[in-house]
Structures are given as structure tokens and as C-alpha cells.
Amino acid sequence: MVNLYSIDALKENLEPLRNKGLKIGFVPTMGALHDGHIALVKAAKEECDVVIVSIFVNPTQFNNTEDLKLYPRQEDKDLELLTQNDCDFVYLPTAEEIYPPDYEEVKIDLDTIENTMEGEHRPGHFNGVVNVVSRLFKIVQPTKAYFGRKDFQQVAVVKEMNRQLKLPVEIVTVETKRDPSGLAMSSRNLRLSEQDLDKAVVISQVLNKGKSWANSYSPAVTRQKMIEYFEQTSLKLEYLQIVHPDTLNDLNQYWVSGATACIAAYCGDVRLIDNMELITKEEN
Ligand code: AMP
């Protein structure tokens, strides 16, 4: 694996491959890598000739400075894991390179997609995501870019950004990797104690409950039952919504194919998110 620390080094290495017509698969990450990230690397390996992972803890997508400060960082371990998984390149940019003095902020209107759920509770978060992802796409120029369904709303934002900015990148979504307990893997899980890890399992449990309740109840009733179930646990619920998979509008009376329940909750002071498709999406 080749470590790339600058745009120049990246260009020098990728340009010849691109000129040969090789497919470049890109996996943007913030490091503290786990098997969820590796699932993205594996998907990219299967579909592309060359795989590049970026590790950059993007300051502009954190609305909470404490969260940014506490975000886990473990570069040596990350590099080892990527090497073991046959990653070809890793890009480790500095903030100065991503946001140079003449950087022009990208501003697009994403309407409900950015204003609900994560957008509502983390003001400015998706503006940060749009800026870092579009900047990384411009630098890396990948054929395909891989994102985890774990960050369901992020995928919707990136797809809409891609559409509006007409970027020549195919967005691929990869299923959420879970611990055997059902807990969605997340870099933030590193901040949970053994006891917290046990408690956090209720997040996936309530999503599974929702999936079975969806067979008998409307979205509104299913949501209410999920909230009541969750309120009996020791986690603090921030939001639980059942949304349309594309518009992210709340569903109330009627189910649609791909209807998804999204949840954010605090386990102690660690904020966790997860989601589950309640109605299986019919492929066209
Ligand atoms: P992050 O480093 O948290 O910004 O995540 C980088 C990428 O990995 C994003 O596209 C995430 O959605 C994805 N990812 C994080 N956790 C998981 C998981 N448990 N399963 C699948 N993908 C994940």
C-alpha cells in the first residue's frame, strides 16, 4: 500500500492509472477503522481495479467541538488494517490542503434531505459533508465512491449533491456491518465501556421490533410503539423517524417500498445512530 500525503503525490500515482482506463474505487473515511469500513474496501476491490481510502477527520462536519476533540484517532492501526486488506493507496491530507486559503465553499439546497434528522440536530453537519466529499471527489477523481448505509441520510445527501453538481462519480451503498450483538459498528463504539456496549444493543433491537410491527401497523403507530419501547431503556432518544427512502419525508399513514426507520440516541455521552429498512425495497 502506498501512503499519499499530498495532492501532488496523489496525482503522480493515480494519473497514469486513470490514463490506462483503470477503474478507481474510493472510500472516504475519518479513520478509527473497523470492519464496517473494511466492507467498503472489499466492495470497492470487487468492482474496481484500484482502491484508495482517505483518512481525514473533517472539522467542518462537527457542530460540537468536544465531539471533534474526542473523535478517536489511531493512524498506525488504520494503516495496518488497510494493508492487511489489500488497499492500494491511502490518502492522508492535511486540513490546509483540503481547505486552502482560496477555497470556495460549495453551497447547494438539499431541502428536506438535509433539514430533517441529523441535519436538524447537527446544524451545519451536511454542509460540512457536502464540502469535504465534493472536494475529495475533485482531488481523487474516482470512478466509483463507496458509502455505508449505516449513515443513511449521508448517502441521500451525497447522491443528491452528486446529481446537482453533475459529478462523474458513481455512488455505491454498502450494507451496515454489525457486531454479533446486532450493534452497528462505529468508530464511536471505541468510546463505550463494556457495560455501555451491552446497553447500546437496544438500538438494533428496537429497529428489529419496528420491522415486525410494520407488518401489522401503520408507520405512525409503528413509530409510536418503537418510541415507547425505547423509552423503557437507559439510553436517551434524540430522534426516531420512519422516512421515505429517497425524499426522507416522514411516513404516517401509508408504507412505501424501502421505508426506513432512523434513530439517534445517547449512550452516556456517546451519540450513536443506526437505521433499518422496514419495508423491503422492490428493485425495478
Ligand atoms: P466514517 O469514518 O464514520 O466517516 O465512515 C466512513 C464510511 O464508512 C462512511 O461511508 C460510513 O457510512 C461507513 N461506515 C461506517 N460504519 C459502518 C458500518 N458499520 N457498516 C458499513 N459502513 C460503515
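Tyr229 counts as partly exposed, at 26% relative accessibility; buried means under 20% relative accessible area, exposed over 50%, and partly exposed in between (1.4 Å probe, protein chains only). Keep in mind that this is a predicted model, where local features need pLDDT of at least 70, side-chain atom pairs count only at pLDDT 80 or more, and totals for chains, interfaces and linings use all residues. Residues are numbered from 1 along each chain as its sequence is written, and side-chain values use heavy atoms, leaving out hydrogens and water.

**Around Trp213**
- Tyr229 pairs up with Trp213, edge-to-face, at 6.3 Å centre to centre and 75 degrees between the planes.
- Rings of Phe, Tyr and Trp (its six-membered ring) pair if their centres lie within 6.5 Å; planes under 30 degrees apart are stacked, over 60 edge-to-face, and the rest tilted.
- Trp213 is in helix α11 (residues 202–213) and Tyr229 in helix α12 (residues 219–231), so the pair ties together parts 16 residues apart in sequence.
- Helices (H or I, at least four residues) and strands (E, at least two) are DSSP runs, numbered from the N terminus.
- Trp213 is buried, with a relative accessible area of 19%.

- Searching the whole structure turns up six aromatic pairs.
- One of them is tilted, because the ring centres of Phe56 and Tyr99 are 6.4 Å apart with planes at 50 degrees.
- Phe56 sits in the loop between β3 (50–55) and α3 (65–70), and Tyr99 in the loop between α5 (95–98) and α6 (112–115), 43 residues apart.
- Phe56 is buried at 7%, and Tyr99 is buried at 18%.
- Phe26, Phe137 and Phe147 make one aromatic cluster.
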